[in-house]
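Here is a short briefing to read beside the model. Keep the sequence and the 3D view open as you go.

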Amino acid sequence: MNLPELFQLDFGLPWVLLLLPLALTPLFERQRDSIGIPSLVWLPADTLGQTLRKVGTCVAAVCLATLIIALAQPGTSKNYIERIGRGAELSVLMDRSASMDAEVRRHQLKPGEQARPSVSKNQVVKEALSWLVNTRPDNRYALTLFNVSAIPVAPFSDDEALILAGLAASGIGRGPNKTNMGLALVSAIEQFDGRSYSGSRAILLVSDGGARLDDTTQQQIRAGLTRNNISLYFIYIQSSANSPDLETVGPDAEDVVEEIALHQFFQQLGTEYRVFQANDPESMKEAVQEIDQQQNLPLAYLEQIPRVDYSRWFYIAAAICCLVLAVLTTIRVHRL
Amino acid sequence: MNETEEFVYRVPGSTAGSRPGAHRGSSRGSGMSFAAHARLFDQPDPRRLDLRASITDVRGEWLVRTYLQPASITVHVLIDMSTSMRFGQPGKLNVATQFLQSLGISAHAYGDAISMLAFDEQFREDLYMPPRRGRAIGSLMADTLNNAIPATPVQGKSSSQKSTISAFQTAVNQIEGTNGLVFLLSDFHWPLNTVDSTLDKLSNTTLVPIVIWDKTEVVPPAAGQLLFARDLESQQRRQLWISEHKREQWLENVQSQRQNLIDLFAKRNSKPFFIESEFNAERLSRYFMEHAS
């Protein structure tokens, strides 16, 4: 409780403050506060007693005042705390369908370049993402796998071990060969709902295929991304030479190829969208690095904190005053 | 006090009263104390002839013994009924009523008349009782006193004390110049110098000041306590922390007030009788035995 905050005190029940003049009542002496004595002639004069009486009166007044103030529920409601968000909130949405177990397509070997052992796409993605998690532990990650439906693996947390474990587990077994990307996207967007905005937000969609999204889903995704201010990164892993290039332009490319349709839809979104086409482990790594650079800006933002109620402190003060009064009362002579 | 005890009282010297009673009188009559011889011619009462004195009489007269007749006196009771007298357990006025009941029986036994004059901040006409004789007079007075409505206190700090003093003067004026016995019942929480001249008017009487104090006002409360005190009459307040030192001071002050009262009345050849909380008839008897001569 610092000073500027105190000046912004407001009251839940301000009309209770009308009772404040009651705090002056202890200043009026009542007959029963003192013991009637036939004559003061032989009472010795004493200053300590007078001081104690004054203290008692003041404490009683203060006690009443604090009680009334406490009843008026003082507090500060317009409190902002400046926070600096380090790192981003990245929701990794990873395709876990059967196709992801296939080997990643390698770029054409240049002369003199040695062939390397083949790696599955899942493996590549896992490694690249693990690298990201390891280098930027400040970021908060969530992991969702999807195939037929979204599988939330880890909610947003600062615990990178959880994400790493989730990533490691994504390589086990084989997935079904169907994907429902729309459902997965909606579910990933929902993860941001209700979270305070503490850093830039992004969904990292890792997939090797596209999906045709119906109108309802499209609208949901568009609204969700705008509402939560999420940028979308689409890492498109080309599986084979047959995988279409997203930039292919043609009169009917959009209608024919799912991936291109998806890409076009994403481009039409109001929010930020980037696409990375990875066709080998290196390009995958580059894509992830680029995302990392974009999302590593510190973000200062004001967070409004809930109303802080100070009535407790006033009650404590009143209780202390009562204690003082109780002590004074116990040492007082009640009858001669 | 379950049974009212009577006490013995005497007045010094002789009383001029003509009504037969129990005190030494100055008029001749039937009595036991020999006064003088008188001629039979002057006192034609042959029953009292003193043959031996007649024989030795030079002039050869028949001599008759004359006696002093014991006389009755009037006992006046002046009662301070100010607010401070209502203090204490069972209350100082209660002590006063005990005294009145005891006095009623005693005075009836002596054949004396008693009158009551009460005053608080003004002279209480309603409680005034002229001198009367009778067995029940004491109880009547006690009842009157018990049922008396307390006076509405005069507002203001020193005014109540002043008016008490002036009421006391009024009461004294009622019995000014009489002789006899005057009991003055009060706690004497007055400025003592102001009553000095008033007491002059009672110089013909035998004045017995009865100082009624309550034990609780004389004995200070235990040390280590806080006392918020208020004067019952002037409503002045004083707060004090009672320490051992303060207790001693308190007791000293009580003692010095006691001494002041003794000094004040010593000038009028009387000695105050102190009562603390309870009236004791035997102690009062002893007081009279010791002082009245």
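The points below cover helix packing, cysteines and backbone angles.

This is a predicted model: local features need pLDDT of at least 70, side-chain atom pairs count only at pLDDT 80 or more, and totals for chains, interfaces and linings use all residues. Residues are numbered from 1 along each chain as its sequence is written, chains are lettered from A and ligands numbered from 1 in the order written, and side-chain values use heavy atoms, without hydrogens and water.

**Helices α5 and α6 of chain A**

- Helices (H or I, at least four residues) and strands (E, at least two) are DSSP runs, numbered from the N terminus.
- The axes of α5 (residues 181-190) and α6 (residues 215-228) of chain A come within 10 Å and cross at roughly 25°.
- Axes here are lines fitted to C-alpha atoms, for helices over the stretch in contact, with angles from 0 to 180 degrees between N-to-C directions.
- The angle makes α5(A) roughly parallel to α6(A); angles under 35 degrees count as roughly parallel, over 145 as roughly antiparallel, 65 to 115 as roughly perpendicular and the rest as oblique.
- In α5(A), A:Gly182, A:Leu185, A:Val186 and A:Ile189 take part in the contact (heavy atoms within 4.5 Å).
- Their partners in α6(A) include A:Ile221, A:Gly224 and A:Leu225.
- The contact residues are five nonpolar, five polar and one charged.
- Ala, Val, Leu, Ile, Met, Phe, Trp, Tyr, Cys and Pro count as nonpolar, Asp, Glu, Lys and Arg as charged, and the others, Gly among them, as polar.

**Helices α3 and α4 of chain A**

- Helix α3 (residues 121-135) packs against α4 (residues 160-169) at about 175°, with the axes 10 Å apart.
- That makes α3(A) roughly antiparallel to α4(A).
- Among the contact residues are A:Leu129 and A:Val133 of α3(A), and A:Ile163 and A:Leu167 of α4(A).
- This contact has six nonpolar, two polar and two charged residues.

**Cysteines**

- There are zero disulfides over all chains (pairs of cysteine sulfur atoms within 2.5 Å).
- The sulfur of A:Cys321 has its closest cysteine sulfur 5.1 Å away, in A:Cys63, so it is too far for a bond.
- A:Cys321 is buried, at 11% relative accessibility (buried is under 20% relative accessible area, exposed over 50%, partly exposed in between, with a 1.4 Å probe and protein chains only).
- A:Cys58 is partly exposed, at 45%.

**Positive phi angles**

- Most residues other than glycine have a negative phi.
- A:Gln73 has a positive phi near 55° and lies in the loop between α2 (47-71) and β3 (74-76) of chain A.
- A:Gln73 is partly exposed, at 34% relative accessibility.
- B:Ser277 has a positive phi of about 75°, in the loop between β12 (273-276) and α8 (281-291) of chain B.
- B:Ser277 is buried, at 14%.
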